[in-house]
2 protein chains.
Amino acid sequence: MTVLADGGQAAGRAAPGAAGGQGGDSAAPPTIYDVARAAGVSIASVSRVLNGRRNPRPETRDRVQRAVAELGFVPDSAARALSVRLKEVVGIVVRRPLSAGPPVPAPWVPAGAWDTAGLLGYDAFADETESLQFHDMVNRGVERAAQRRGFDLLIRSVDITDHDAGRRVLALARKSDGLILHDRVLEPDQLDQLSRQIPVITLAGEPTPTTANVGSDNATGMRALARHLLYDHGYTTLGYLGGYGDSPDSQARLETLAAEARAAGAVLFSGPQWQGNYYAAGAAVVTERLLASGTPLPRVIVCANDQSALGVMYVLRRSGVDVPEQVAVTGFDDIPMARHLHPQLTTVRQPIGELGETAFEVLYSMISREQPAERDITLPTRLICRESCGCQSGGKLAGVTDLSSVRHLRP
Amino acid sequence: MTVLADGGQAAGRAAPGAAGGQGGDSAAPPTIYDVARAAGVSIASVSRVLNGRRNPRPETRDRVQRAVAELGFVPDSAARALSVRLKEVVGIVVRRPLSAGPPVPAPWVPAGAWDTAGLLGYDAFADETESLQFHDMVNRGVERAAQRRGFDLLIRSVDITDHDAGRRVLALARKSDGLILHDRVLEPDQLDQLSRQIPVITLAGEPTPTTANVGSDNATGMRALARHLLYDHGYTTLGYLGGYGDSPDSQARLETLAAEARAAGAVLFSGPQWQGNYYAAGAAVVTERLLASGTPLPRVIVCANDQSALGVMYVLRRSGVDVPEQVAVTGFDDIPMARHLHPQLTTVRQPIGELGETAFEVLYSMISREQPAERDITLPTRLICRESCGCQSGGKLAGVTDLSSVRHLRP
DNA sequence: CTGAAAGCGCTTACAG
DNA sequence: CTGAAAGCGCTTACAG
């Protein structure tokens with residue numbers, strides 16, 4: 001805390017103990033001045049051998065390395081970052097409720113509705129916000145790729161209800177060299193402003209003039225799923241249980257589904273009453289209300305993601321509705337839990353980890369400016385048929401992905 | 001890149017455009033000099049209103065705030081960190097295989113054993129390292145607590161086989177104000193050296209003179225589980241499928257289990273052949289080999305954690321062994337997936353998120369030195385009886401946690 | 001090859 | 001209340 005009389009900085013080796021040196025193994029970590037003094041060289045030399053610049057003399061190198069090892073010296077990242085203008089940190093923003101307890105409900109759910117969640121048995125999902133989600137798996141991919149470049153991940157959640165998301169994201173930005181944004185966490189103009197200051201990758205939507213986007217092929221995956229349901233199973237009534245209303249992925253999936261349904265002459269339910277929030281608990285409430293409203297259910301409920309499907313199946317089962325005999329259910333993502341559900345979940349697989357790795361690589365190329373970055377990347381998806389769509393595990397329709405193979409097999 | 005002729009630094013408002021100012025909305029984010037110039041004050045004043053120090057004059061405050069808003073200024077964290085010696089970042093080290101593919105097997109598993117994993121159907125766990133784990137849930141808790149203090153999380157994985165773990169952890173340390181270490185990622189002497197340079201919390205084991213530990217009550221939880229199995233169910237042969245051999249938690253759980261088994265006169269199998277690695281895939285291989293070896297299985301397999309139980313149950317089922325009729329299986333942790341398994345997993349619940357929140361709070365008090373930190377914290381655990389132990393869901397033994405209620409009910 | 005010095009963008013005693 | 005200046009711990013032209 002106390003500033004040294006003459007400063008121990010510009011003086012080089014003259015600085016006797018730049019970092020509270022008195023105690024030897026004192027609290028403060030050693031600085032480059034300590035190393036320089038111990039090695040009997042200048043801090044410039046220390047820096048050079050540490051960074052492998054300009055072939056230092058072998059002897060110099062040795063002395064420095066010995067001193068470094070002896071003192072357990074590791075350069076302070078803040079000082080280095082300030083100097084080279086590179087933090088080696090990538091910020092990730094995830095959109096999720098931070099508070100414990102139930103996730104934020106769809107806007108149309110009256111306040112207080114969640115108070116009764118326990119009564120409805122949604123305790124089952126009480127800690128769901130704690131559980132594995134798509135986001136986490138993507139982040140793991142980012143971490144893998146980042147590690148190869150010596151980068152670390154700074155992860156921050158923003159609440160969906162957070163009106164000050166812009167500020168919070170900006171704050172994260174100043175701790176990072178670049179940002180990866182999940183789903184839609186910023187308004188277009190905020191995104192625009194941010195991306196002019198720092199490289200930004202989005203994981204949903206479209207690239208902008210100043211951002212790149214990495215996503216997966218919603219259309220192809222959803223199309224395969226839709227056709228499987230419409231033609232292989234011959235379902236004629238469908239419901240789409242969406243994610244956040246403003247989620248680009250959710251919107252894209254709905255669009256494709258709607259187009260396919262239309263083409264097949266099937267009926268598709270969607271809209272406000274069908275809007276979830278990507279969480280099982282949210283989907284559970286939606287399903288619950290649907291059931292309570294007395295509207296007849298469609299033959300199949302297509303969910304925006306696997307988590308939602310989990311919630312739907314949970315409520316249906318509790319209400320005595322057989323899945324998939326009476327109502328089929330499908331997901332999107334193919335998170336690991338999907339295959340452990342009963343019935344096993346039919347879904348569309350995204351290359352989740354790869355999504356994260358790719359996002360990092362693109363971001364890295366923007367940060368390093370080594371090569372012009374690809375600005376719009378779409379990764380492939382594919383239909384994974386399991387049981388919840390009505391296929392029987394190991395049975396007739398199991399594994400069918402080919403439209404022509406089976407038709408109009410109405411259970 | 002190019003250094004300004006006279007530097008734009010010590011000159012205060014004389015610095016014309018400290019950060020490449022030419023373009024206005026140029027690439028580089030605005031610095032405090034830009035704000036000062038725009039507001040017509042000194043950088044010191046800007047800093048003061050930003051940090052709410054020493055009541056600036058209202059007019060000054062206004063001008064600064066206006067300039068800040070206009071420029072979208074956010075202080076650079078590296079510069080601030082260097083100045084105040086606080087990064088507002090907490091590092092978390094998780095022990096897990098970084099590479100895709102199967103987790104590192106127990107030491108006794110011959111190299112190459114994993115190559116056949118696919119043949120054995122462990123594809124089911126191929127992306128398990130991507131999936132939710134105990135670690136992730138703990139980290140989520142840390143994040144919640146950290147957010148309240150304006151801290152962010154820097155997460156790094158170290159591979160179990162990483163011999164250079166010490167260096168990698170140290171590198172993370174220099175990017176953080178304090179560290180939280182999962183499981184056992186460092187040798188005692190490394191831990192010792194590290195913790196003298198920076199506050200460190202461990203999440204397993206014992207506090208040392210320079211570190212604090214936050215853990216949960218392994219003994220009480222395991223004791224309740226053991227007694228339930230031994231007395232309520234009357235099992236007389238048990239196996240303990242462990243985590244990493246050097247994991248303090250795994251060891252503690254085994255110790256309690258062994259003591260209880262001894263007291264009940266039951267037989268407990270454990271040791272090298274029973275050593276897993278906290279992953280489902282690892283546990284699956286162990287179970288597979290046990291089966292292949294021809295040794296008769298114990299009546300119940302007590303697993304070091306839920307993930308392991310998942311792997312055990314998977315292999316048993318595939319081998320035609322009924323769970324829990326022929327072999328009961330239990331876990332530890334109570335991760336969300338536990339209740340979605342079939343049969344639902346009997347396990348010991350840890351307050352996972354709370355573990356993380358507590359770890360952060362303790363770390364924070366060490367960092368801020370506000371108050372002497374509690375150095376040894378143990379959170380409560382409790383037995384969660386579901387089906388996999390042999391209780392029937394909703395049936396006779398369901399929910400039994402009281403030792404005296406039912407005895408020697410041998411299925 | 002190596003050292004002295006400037007600079008990265010902040011904060012904070014120290015004087016007004 | 002406010003400004004000039006020093007300092008945080010590094011890196012890197014710039015001279016030798």
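Chain A of this predicted model contains 12 helices and 12 strands. Of its 411 residues, 53% count as buried. Among contacts in chain A between residues at least 6 apart in sequence, 69% join residues at least 24 apart.

**Relation of the two chains**

The interface brings 48 residues of chain B into contact with 48 residues of chain A. On the chain B side, at least two residues each come from helix 4 (77–84), helix 5 (134–148), strand 2 (152–158), helix 6 (165–173), helix 7 (188–197) and helix 12 (352–368). By residue class, the side of chain B that touches chain A consists of 22 nonpolar, 10 polar and 16 charged residues.

An open sheet of 12 strands, with mixed pairing, has the order 11(A)-5(A)-4(A)-3(A)-1(A)-2(A)-2(B)-1(B)-3(B)-4(B)-5(B)-11(B). Its edges are formed by strand 11 (376–379) of chain A and strand 11 (376–379) of chain B, each of which pairs on one side only. From one strand to the next, the twist averages 20 degrees.

Helix 12 (residues 352–368) of chain A packs on this sheet and touches strand 1, strand 3 (178–181), strand 4 (200–202), strand 5 (212–216) and strand 11 of chain A. The direction of helix 12 of chain A makes about 165 degrees with that of strand 5 of chain A.

The two chains meet in this sheet through strand 2 (residues 152–158) of chain A and strand 2 of chain B, which pair in the antiparallel sense over 3 bridges. A:Leu154 has B:Leu154 as its bridge partner, and A:Ile155 stands opposite B:Leu153. Within chain A, strand 2 also pairs with strand 1 (residues 89–95), in the parallel sense and over 7 bridges. In that pairing A:Val89 has A:Asp152 as its bridge partner, while the partner of A:Val94 is A:Ser157.

Strand 2 of chain A is largely enclosed by the rest of the structure, because 7 of its 7 residues are buried. In a regular strand the side chains alternate between the two faces of the sheet. In strand 2 of chain A, A:Asp152, A:Leu154, A:Arg156 and A:Val158 point one way, A:Leu153, A:Ile155 and A:Ser157 point the other way, and all are buried.

The following table collects the strand pairings described in this report.

| Strands | Sense | Bridges |
|---|---|---|
| Strand 2 of chain A and strand 2 of chain B | antiparallel | 3 bridges |
| Strand 1 of chain A and strand 2 of chain A | parallel | 7 bridges |
| Strand 6 of chain B and strand 7 of chain B | parallel | 3 bridges |

**A sheet within chain B**

Chain B also holds an open sheet of 4 strands in the order 7-6-8-9, with parallel pairing. Strand 7 (267–269) and strand 9 (328–330) of chain B are the edge strands, each pairing on one side only. Neighbouring strands of this sheet are turned against each other by 20 degrees on average, direction ignored. Strand 6 (residues 237–241) of chain B is joined to strand 7 of chain B by 3 bridges, and B:Thr237 stands opposite B:Val267 of strand 7.

**Packing of helices 6 and 7 in chain B**

Two packed helices are described by the angle between their axes and the distance between the axes. For helix 6 and helix 7 of chain B, the angle is about 10 degrees and the axes lie 11 Å apart. The two helices are therefore roughly parallel to each other, a term that applies to angles under 35 degrees. Helix 6 of chain B contributes B:Gly166, B:Val169, B:Leu170 and B:Ala173 to the contact, and helix 7 of chain B contributes B:Gln190, B:Leu194 and B:Gln197. The residues of this contact divide into 4 nonpolar and 3 polar, with no charged residue. Both helices also supply at least two residues each to the side of chain B that touches chain A.

Note on methods
Residues numbered from 1 in each chain as written. Chains lettered and ligands numbered in written order. Predicted model: local features only at pLDDT ≥ 70, side-chain atom pairs only at ≥ 80, totals over all residues. Contact = placed C-beta atoms within 7 Å. Nonpolar A, V, L, I, M, F, W, Y, C, P; charged D, E, K, R; others polar. Pairing = 2+ DSSP bridges. Axes fitted to C-alpha atoms, helices over the stretch in contact; angles between N-to-C directions. Buried ≥ 20, exposed ≤ 12 C-beta atoms within 10 Å, placed from the backbone. Parallel < 35°, antiparallel > 145°, perpendicular 65-115°, else oblique.
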